[in-house]
Amino acid sequence: MGETKMTVGSEIPEFKLPASDGQTVDSAMLKKGAAVLYFYPRADTPGCTTEACGFSDAIARYKKLSVPVYGVSPDPIKAVGAFASKFNLKFSLLADEDHALCDRFGVWGEKSMNGKKSMGASRTTFILKDGKVAHVFENVKSEGHDQEVLAWLKEHA
């Protein structure tokens, strides 16, 4: 995938991205405590919808642990806003339209689907703790991923 793969212990890069709720989310907001930053390929596609709705349905359990969840895709803000609104998502989606954050986390690269090659974000989740990567889930399966992340957080809280 991308050039600089974030690994456990890596400091998160500086960033500032527009969010689906009209706010701006920046790296400073992720420097204290834990957070989930998950990257997904494209808003309002079947796998991404399954993953986002899973996190949204489980958001009360994340809040109980004081762990915010942010989804990141290389979509324009209008697309992530429409996606969040359509499914009434209870957390912020971030628009990384120029895929700069995807690049910095190492999740942007060539993908192959049904024999067609294209550039895109791989489905990868980072658990952040005090501004550093605490855990990485790669090659994520959409179904049940929210529970997999919750289980890790509870075990390592």
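This is a predicted model: local features need pLDDT of at least 70, side-chain atom pairs count only at pLDDT 80 or more; totals for chains, interfaces and linings use all residues.
**Pockets, salt bridges and a sheet**

By class, nine nonpolar residues, one polar residue and one charged residue make up the lining of the second largest pocket. The space in the second largest pocket amounts to about 160 Å³. Its lining consists of Ala 34, Leu 65, Val 67, Ile 127, Leu 128, Lys 129, Ala 134, Trp 152, Leu 153, His 156 and Ala 157. Two elements, strand S8 (124-129) and helix H5 (145-156), are those that give two or more residues to this lining.

The largest pocket has a volume of about 510 Å³. It is lined by 20 residues, and those closest to its centre are Pro 41, Lys 111, Met 113, Ala 121 and Arg 123. Helix H1 (46-57), strand S6 (108-113) and strand S7 (116-121) are the elements that each supply two or more of the lining residues. The largest share comes from S7, with six residues. By class, the lining of the largest pocket holds eight nonpolar, seven polar and five charged residues.

Across the whole structure, a search finds four of them. In one, Arg 123 is joined to Glu 51, with 2.8 Å between the closest N and O atoms. The two partners come from distant parts of the chain, 72 residues apart: Arg 123 lies in the loop between S7 and S8, and Glu 51 lies in helix H1.

Asp 44 counts as partly exposed because its relative accessibility is 36%. Lys 86, at 55% relative accessibility, counts as exposed, the cut-off for that class being over 50%.

The side chains of Glu 14 and Lys 31 also meet in a salt bridge, at 3.4 Å from N to O. Here the partners are 17 residues apart and again belong to distant parts of the chain, with Glu 14 in the segment before strand S1 (16-18) and Lys 31 in the loop between strand S2 (24-26) and strand S3 (34-39). Glu 14 is exposed, as its relative accessible area is 53%, whereas Lys 31 is partly exposed, with 28%.

The last topic is the sheet. Five strands form an open sheet with mixed pairing, and their order is S5-S4-S3-S8-S9. Which strands stand at the edges? They are strand S5 (92-95) and strand S9 (132-137); each has a single partner strand, so one side of each is left without a neighbour in the sheet. On average, and with direction ignored, neighbouring strands of this sheet are turned by 25 degrees against each other. S8 and S9 run antiparallel and are joined by five bridges. Within this part of the sheet, Thr 125 stands opposite Phe 137 in S9.

Terms used
Residues are numbered from 1 along each chain as its sequence is written. Side-chain values use heavy atoms; hydrogens and water are left out. On a 1 Å grid over the protein atoms alone, a cavity is a set of points where a 1.4 Å probe fits but cannot get out, and a pocket is an open set with protein on both sides within 12 Å along at least five of seven lines; lining residues have an atom within 4 Å of a point. Grid points are joined across faces, edges and corners, and a volume is the space filled by probe spheres set on the points. Helices (H or I, at least four residues) and strands (E, at least two) are DSSP runs, numbered from the N terminus. Ala, Val, Leu, Ile, Met, Phe, Trp, Tyr, Cys and Pro count as nonpolar, Asp, Glu, Lys and Arg as charged, and the others, Gly among them, as polar. A salt bridge is a side-chain nitrogen of Lys or Arg within 4 Å of a carboxyl oxygen of Asp or Glu. Buried means under 20% relative accessible area, exposed over 50%, partly exposed in between (1.4 Å probe, protein chains only). Two strands pair if DSSP finds at least two bridges between them. Axes are lines fitted to C-alpha atoms, for helices over the stretch in contact, and angles run from 0 to 180 degrees between N-to-C directions.
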